[in-house]
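This briefing goes through one protein chain, from its overall dimensions to a few individual residues. The points are grouped by topic.

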Amino acid sequence: MVNLVIVSHSAQLGAGVGELARQMLMGEGCKLAIAAGIDDPDNPIGTDPIKVMEAIESVADTDHVLVMMDIGSALLSAETALELLDPTIAAKVRLCAAPLVEGTLAATVSAAAGADIDRVIRDAMNALDAKYAQLGLPPSSPVVTSPEGLPADDEARSVAVVVKNPNGIHVRPASRLVSTLSGFRADMLLEKNGKCVVPDSLNQIALLQVRCNDTLRLIAKGEQADDALAAFKQLAAQNFGESVEQPHTGGIPNSAPIQATGMAFCYTPVAAEVAPQPATDLPYEQQRLQAAIRNTLEDLNCLTALAEEKYSADIAAIFSGHHTLLDDTELYDMACAIMREKQCRAEHAWHTVLSDLSQQYLQLDDPYLQARYIDIDDLLYRSLRHLTGIPAQIPTFIRPTILVADVIYPSTVLQLDPLTIKGICLRAGSDASHSAIIAREMGIGWVCQQGEALDAIKMGDTLTLDCAAHQVIRVG
């Protein structure tokens, strides 16, 4: 048996969804509880973890409790409630990424009919498919690979723009696009050369490979379709929030030195163990992954603030984009599916999902977009560190140093001290990566793709990086 909890920022919305859902009930097959709004007459809009916890407890006399949420902090409040609950109750709880209204109605019908928790979640997640079909849009799966999947009826409208961003629509402009369109009540598709994505997933937009001078079309249908199209056109006119004057640097000026000299330090970040160990408690593994993602998102908020304080809004936008990349419920759902299928721990499932995404970026044929793979690897490294309890290790030095490594993550570069770190020399890497962009902004020399040339370098050697010639010189 599955009971439901409805979490909303608005008490009226929560009560309304509950009323609709109760009309779907036949008999006592499913109980509903509501945790909506906060007890503040002047500012009643919000969510309260204590209310969520109490709502879950009130319907916990069952096999599973499915929590349906609306937006933003509703998820954070639900996650906090899980931490406050008795572990035996928390183990019964699942958080659902489905849309609040349609998802709750579908889940209520499914639960009342006696479906198990996985079927209830699946029905909730697919709740929008009927609406998509009625509106002439493809199902809610994100990618449509042929023009036949596009809405062709008279109600659908579209706007086409020519992208002028030198590096196309990569992570940061894609983040602006998702944020701009998220507030409109409309069904939308983003199309390039007949291939489409629903523009609510940063990863899907980035993988669309929109380059400079490509034509990008937004197709919209619904109550606020015209407003969404106008906002899209205006955002494109503003180059999706980017400067178009600095090709291949993401609009960030290059202040790196031509040469850099220092003592070699061979750096290797500590990797987490991701062997496919069997999981004995699947809900617990899901909660561990949720907590790791939440902690990583908090890290990214701190990195964004640090970048804006010490460097520039452009550098801060890199980590804001990382936040949007990670805050994609599809990634978590994919990891949960792997955990259920393989009965494995969170580390292995999460590593599988993000490694696959990183490989998708590496297989792109645009060098700038391809270099975004390191952002995914960075997110994987940080979140696995939270999952396994491995402490952060950012090296500090008292003399001029050249950091020698196979690769280096953007978040690591940001936290280096440019007064002592004079250069970074990599076996692999890319000049177009965010790691390189941040290093140049910080005034740190950058040389990558050195391959076997690094085999002879030992800790403490004196090195000079010739950044103009893209080579490392071993002085002694």
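A residue counts as exposed when its relative accessible area is over 50%, as buried when that area is under 20%, and as partly exposed in between. By this rule Gln 449, at 52% relative accessibility, is exposed. The model is predicted. The chain contains 18 helices and 15 strands.

**Overall dimensions and surface**

- The radius of gyration is 24 Å, which agrees with the value near 23 Å that a compact globule of 476 residues would have.
- Along the principal axes, the C-alpha atoms fill a box of roughly 80 × 55 × 45 Å.
- Buried residues make up 52% of the 476 in the chain.
- Taking contacts between residues at least 6 apart in sequence, 71% link residues at least 24 apart.

**Nonpolar cores**

- In soluble globular proteins, nonpolar side chains tend to be buried together.
- In this chain the largest nonpolar core comprises 92 residues, and Leu 216, Phe 232, Trp 350 and Ile 424 have the most contacts inside it.
- Another core, of 22 residues, lies apart from the largest one and includes Ala 33, Val 59, Val 93 and Leu 95.
- Beyond its neighbours within four places in sequence, Ile 424 has contacts that include Leu 403, Ile 408, Val 413 and Leu 416. Ala 439, Ile 444, Gly 445, Trp 446, Val 447 and Leu 465 are also in contact with Ile 424.

- Gly 429 sits in the loop that runs between β12 (421–426) and α18 (434–442).
- Gly 429 counts as buried because its relative accessibility is 15%, below the 20% cut-off.
- Leaving out residues up to four places away in sequence, Gly 429 touches Tyr 373, Asp 406, Val 407, Cys 448 and Gln 449.
- Between the C-alpha atoms of Gly 429 and Ala 35 there are 48 Å, and the two residues are 394 apart along the chain.
- Gln 449, a contact of Gly 429, belongs to the loop between β13 (445–447) and β14 (462–466).

- Most residues other than glycine have a negative phi.
- Asn 239 is located in the loop between α10 (225–237) and β10 (259–266).
- Is Asn 239 buried or exposed? With a relative accessible area of 17%, Asn 239 is buried, whereas Gln 449 is exposed.

**Thr 62**

- The loop between α2 (49–58) and β3 (64–69) holds Thr 62.
- Thr 62 has a relative accessibility of 9% and therefore counts as buried.
- Which residues does Thr 62 touch, not counting those up to four places away in sequence? They are Met 1, Val 2, Asn 3 and Lys 92.
- Lys 92 is 30 residues from Thr 62 in sequence, and their C-alpha atoms are 8.2 Å apart in space.

Notes
Residues are numbered from 1 along each chain as its sequence is written. This is a predicted model: local features need pLDDT of at least 70, side-chain atom pairs count only at pLDDT 80 or more; totals for chains, interfaces and linings use all residues. Side-chain values use heavy atoms; hydrogens and water are left out. Helices (H or I, at least four residues) and strands (E, at least two) are DSSP runs, numbered from the N terminus. The radius of gyration is taken over C-alpha atoms; the globule rule is 2.2 Å times the number of residues to the power 0.38. Buried means under 20% relative accessible area, exposed over 50%, partly exposed in between (1.4 Å probe, protein chains only). Contact means heavy atoms within 4.5 Å. A nonpolar core is a set of buried Ala, Val, Leu, Ile, Met, Phe, Trp, Tyr and Cys residues joined through side-chain atoms within 4.5 Å.
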